[in-house]
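Subject: Structure for your files

Hello,

Here is the structure I said I would pass on. My notes on it follow below the model.

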Amino acid sequence: MIIESILTSMAPDGTINFAPMGVEWNETTIVLKPFLETTTFRNVRDTRAAIVNLTDDAMLFAQGAISSPQFPWVPATVVRGAVLEAATSWRELEIVAIDDTPPRSRIEARVVHQGIRREFLGFNRARHAVLEAAILATRTHLLPADDIRAEYARLQVVVDKTAGPREREAMDMLTGYVRSR
């Protein structure tokens, strides 16, 4: 099963990278699949650690999809890394194996610590729509523009019906980004 998360990784110099990423979820092991040219891949390869952060804040997925944001964080407990302050829960990972066959790596990791900050309330329909819009925003170079526009129009209806202010702001930001492409 793929779970959408904000993956945090730390460069050897201590710089934190925040990246929205679907991960293959299991209670004791998690598989990451970053593309080889990404900061995430380099950090995880070099430090052999990462943090999978679960959050119900759709804005973080939107910002991470179209930019390289910095979010508030606290130090991890067991591995050298950063826990997203907005995480409802997280898993600290120690890397077990890396397959760097192009174009996308397969990184197997063992959960060495987990934490819970608060209950995960889940995603309402608007949060799901923003998450899907964020994923589409990362694929503007792969998909036909007409297909993306049609999907955004469909997702906008869901946001208009069920969103709170944060989801509306996230959708507006993503729509502006996609229109500029």
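Read from the N terminus, the elements of the chain come in the order β-β-β-α-β-α-β-β-β-β-α-α-α. That makes 5 helices and 8 strands. Please keep in mind that this is a predicted model.

On overall form, the radius of gyration is 16 Å, close to the 16 Å that the globule rule gives for 181 residues, so the chain is as compact as a globular protein of that length. Along the principal axes, the C-alpha atoms fill a box of roughly 45 × 40 × 30 Å. Of the 181 residues, 45% are buried. Among contacts with a separation of 6 or more, 63% are between residues 24 or more positions apart.

As for the surface, the chain exposes about 9,300 Å², and 53% of that comes from carbon and sulfur atoms.

E7 covers residues 89–99 and pairs with strand E4 (residues 49–54) in the antiparallel sense, over 6 bridges. Within that pairing, Ala 49 has Glu 94 of E7 as its bridge partner. E7 is also joined to strand E8 (residues 106–116), again antiparallel, by 10 bridges. Here Leu 93 stands opposite Val 111 in E8.

Regards

Definitions and conventions
Residues numbered from 1 in each chain as written. Predicted model: local features only at pLDDT ≥ 70, side-chain atom pairs only at ≥ 80, totals over all residues. Heavy atoms only, no water. Helix = DSSP H or I, 4+ residues; strand = E, 2+ residues; numbered from the N terminus. Rg over C-alpha atoms; globule rule 2.2 N^0.38 Å. Buried < 20%, exposed > 50% of the residue type's maximum accessible area, 1.4 Å probe, protein only. Contact = heavy atoms within 4.5 Å. Areas by Shrake-Rupley, 256 points an atom, 1.4 Å probe, with all protein chains shown as cover. Pairing = 2+ DSSP bridges.
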